[in-house]
Amino acid sequence: MTAGYVLGWADGTIVALAGGLGLVTLGRYLAGPSAGDGIAAAAFTVLAIALGVAALRWATLSLESLRGVQAVLGPTLLVAPAEHAAAASAGAVSGVLALALWSGESPSRAAGEGVAAHAGQVLWSLETVFSATALVTAFWGPALPGRGAPATALLSGMGRWVVLAAAVAACAAVGGRAVRSLDVVWRGFLLALAAVMAILGGGAMFGLVS
C-alpha cells in the first residue's frame, strides 16, 4: 500500500501515506517488542508532521497534486518566497532525522542469523527506502517533464528523483545504525530536536500560507 502511494501507482493522500507508515511501525512492534518502541512511535509522529509541512505549503493532502504542482513550479524546497522554502527545509531536515531514528529502532527480527534474520533485514531496508521516497516525493517531486517531453529529459528527471531517494535512504540507514549505539538520553535529545524543527517548520508554514 505504502509503495503504491510513494511510487505513484495509486492515488492517495498524505494521511493515507502516514497511515501506511504507521502500520509498518505497528508491524515492527508485533514482530518483536523492544525497548525502542516508544522512540520509534514518537519518530513516526515527527515524520508524519514533516510530511504535513509539504501539504501545508501547497494546501493539499493529495499526493497527485503534490507531484503535479512540483512538476510545474519545481521542488517544494526551492520554490520562492525564501520564507516558505526555509520552513519547508526545516520540515525536510526534521523528517530525515526522524526517519533515521525510526529506522534505527528496527526490532530484533533484523538481528542474528538465519533465513528469518535475513528476511527481517530485507524488510527493514525496504521500509527505509519507501519512507525516504515518501519524503523525497513530498519535498522534491518527482518534478518530471510533462507528456511529449524528450526521453532524455524524462530519464534525467527520474534519475534525479531516484538518486535523491537513495541518498535519503542511505543517510537514514547509516544514521539509524549510529543513533542505535547511543544511550536513550541522546536518542531522546535527537528526537526532541527533530520534533522542534518539525513543529517550527509546520507553524511557520501555517502562518505564511494562512
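Guide: Contact here means heavy atoms within 4.5 Å. The structure is a predicted model.

Visitor: Which residues does histidine 84 touch, not counting residues up to four places away in sequence?

Guide: Histidine 84, which lies in helix 5, touches Arg57, Met205, Leu208 and Val209 when residues up to four places away in sequence are not counted.

Visitor: Why does histidine 84 count as buried?

Guide: Buried means under 20% relative accessible area. Histidine 84 has 11% relative accessibility, and therefore counts as buried.

Visitor: Why is leucine 182 called partly exposed?

Guide: The partly exposed class lies between the buried limit of 20% and the exposed limit of 50%. The relative accessible area of leucine 182 is 33%, so this residue is partly exposed. Leucine 182 is in the loop between helix 7 and helix 8.

Visitor: What makes the nonpolar surface patch of about 400 Å²?

Guide: Leu182, Trp186, Phe189 and Leu193 make this patch. Patch members need over 30% relative accessible area, and the value for leucine 182 is 33%.

Visitor: Which residues of the largest nonpolar core touch the most other members?

Guide: They are Leu51, Leu99, Leu135 and Phe139, in a core of 41 residues. Several helices each supply at least two residues of this core, among them helix 2 (14–31), helix 5 (82–104) and helix 8 (184–209). Helix 3 gives the most, with 10 residues.

Visitor: What does leucine 51 touch, not counting residues up to four places away in sequence?

Guide: With those sequence neighbours left out, leucine 51 touches Ile14, Leu17, Leu21, Ala134, Leu135 and Ala138.

Note on methods: Residues numbered from 1 in each chain as written. Predicted model: local features only at pLDDT ≥ 70, side-chain atom pairs only at ≥ 80, totals over all residues. Heavy atoms only, no water. Core = buried A, V, L, I, M, F, W, Y, C linked by side-chain atoms within 4.5 Å. Buried < 20%, exposed > 50% of the residue type's maximum accessible area, 1.4 Å probe, protein only. Helix = DSSP H or I, 4+ residues; strand = E, 2+ residues; numbered from the N terminus. Patch = residues over 30% accessible without salt bridge, like charges linked within 9 Å, V, L, I, M, F, W, Y side chains within 5 Å. Areas by Shrake-Rupley, 256 points an atom, 1.4 Å probe, with all protein chains shown as cover. Salt bridge = Lys/Arg side-chain N within 4 Å of Asp/Glu carboxyl O.
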